[in-house]
Amino acid sequence: MIKVSAYVLTKNEERHIKDCIESIKWADEIIIVDDFSVDATVEIAKKMGCRVVQNKFEYFSKQRNFALSQCSYEWVICLDADERITPALREEIEYELKNSPKGYAFVAPRKNRFINKWILHSGYPNYTHPVFFNKNKMHYKDQMVHESIDYKGRKFYFKSDILHLTCDSVKQFVKKSDLYTDLRSKEMFKNGKKFRVLNLLINPLVIFIKMYFIKKGFLDGLSGFVLAMLYSSFYTLMKYVKLWELENK
């Protein structure tokens, strides 16, 4: 069977890292790329047999491309600390490893858990960048956040989920959003995106309609409504407010 590396990006993830590693312990090597955690993340990872490499986080694609440089094998599984490979997804990946992968990039549906409820609409299934791929055929584009891959070939789709423990509290959502909106606003500013007052009026409304109605967030009950409100009236709003702030410094 073809050997596979797995990498995980971490920063103070002692709550999540053990279960994350457990879900990929069958990989031939696990590399933890850690942004100098001050909790027990590194200690836990080392005890579980992972190779830990510490590297200062600047932005996501740069950290991910660094992680790829640390992987010994050309086939790679990528995972965040708050994500889990399900047993069914493991079977699909191992099938490809045993039978010579039919492509170079494979994505899987990501099922999000928000405050103790699995979100089954509001954008599910959420396909992000590939979870399993050949590192010699792609790399991450130079993007600060919501990074995508530079890859021209066909992507293949797994049927089984990645489990994503998105946020277990509104406080955690706000904390994560603060980092993401910082990076996104800086990227927009760098790319010459100009702030418009309409961004504060129109964009949050568009996001709410997209999540709650078009992506059927209303079928997720109150959780779907809260998510649509948070992403529209907080995340999207803060992204443009921070862009305005950068323009006026």
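This is a predicted model: local features need pLDDT of at least 70, side-chain atom pairs count only at pLDDT 80 or more; totals for chains, interfaces and linings use all residues.
Setting aside neighbours within four places in sequence, I found Thr166 in contact with Asp82, Asn112, Arg113, Gln172 and Lys176. With Asn112, the side chain of Thr166 makes a polar contact of 3.5 Å. I placed Thr166 in strand 14, residues 162-167. Its relative accessibility is 10%. Buried means under 20%, so Thr166 counts as buried.

Next I looked at a helix pair. I took helix 5 (residues 170-190) and helix 7 (residues 221-247) and noted that their axes come within 8 Å. The axes cross at roughly 40 degrees. Angles under 35 degrees would count as roughly parallel, so I logged helix 5 and helix 7 as oblique to each other. The crossing is right-handed. I then sorted the contact of helix 5 with helix 7 by class: 14 nonpolar, 3 polar and 7 charged residues.

Then I turned to backbone geometry. Where is the cis peptide bond? I found it from Tyr124 to Pro125, with omega near 0 degrees. Pro125 lies in the loop between strand 8 (117-119) and strand 9 (126-127).

Ser122 sits in the loop between strand 8 and strand 9 too. I noted a positive phi of about 50 degrees for Ser122, which is not a glycine. Ser122 is buried, at 13% relative accessible area.

Last, I checked Asn12. Its phi is positive as well, near 55 degrees, and Asn12 is not glycine either. I placed Asn12 in the loop between strand 1 (4-10) and helix 1 (17-22).

Notes. Residues are numbered from 1 along each chain as its sequence is written. Side-chain values use heavy atoms; hydrogens and water are left out. Helices (H or I, at least four residues) and strands (E, at least two) are DSSP runs, numbered from the N terminus. Buried means under 20% relative accessible area, exposed over 50%, partly exposed in between (1.4 Å probe, protein chains only). A polar contact is a pair of N or O atoms within 3.5 Å; within protein, one must be able to donate a hydrogen and the other to accept it, and residues adjacent in sequence count only if both atoms are side-chain atoms. Contact means heavy atoms within 4.5 Å. Axes are lines fitted to C-alpha atoms, for helices over the stretch in contact, and angles run from 0 to 180 degrees between N-to-C directions. Angles under 35 degrees count as roughly parallel, over 145 as roughly antiparallel, 65 to 115 as roughly perpendicular and the rest as oblique. A crossing is left-handed if the near helix is turned anticlockwise from the far one by less than a right angle, and right-handed if clockwise. Ala, Val, Leu, Ile, Met, Phe, Trp, Tyr, Cys and Pro count as nonpolar, Asp, Glu, Lys and Arg as charged, and the others, Gly among them, as polar.
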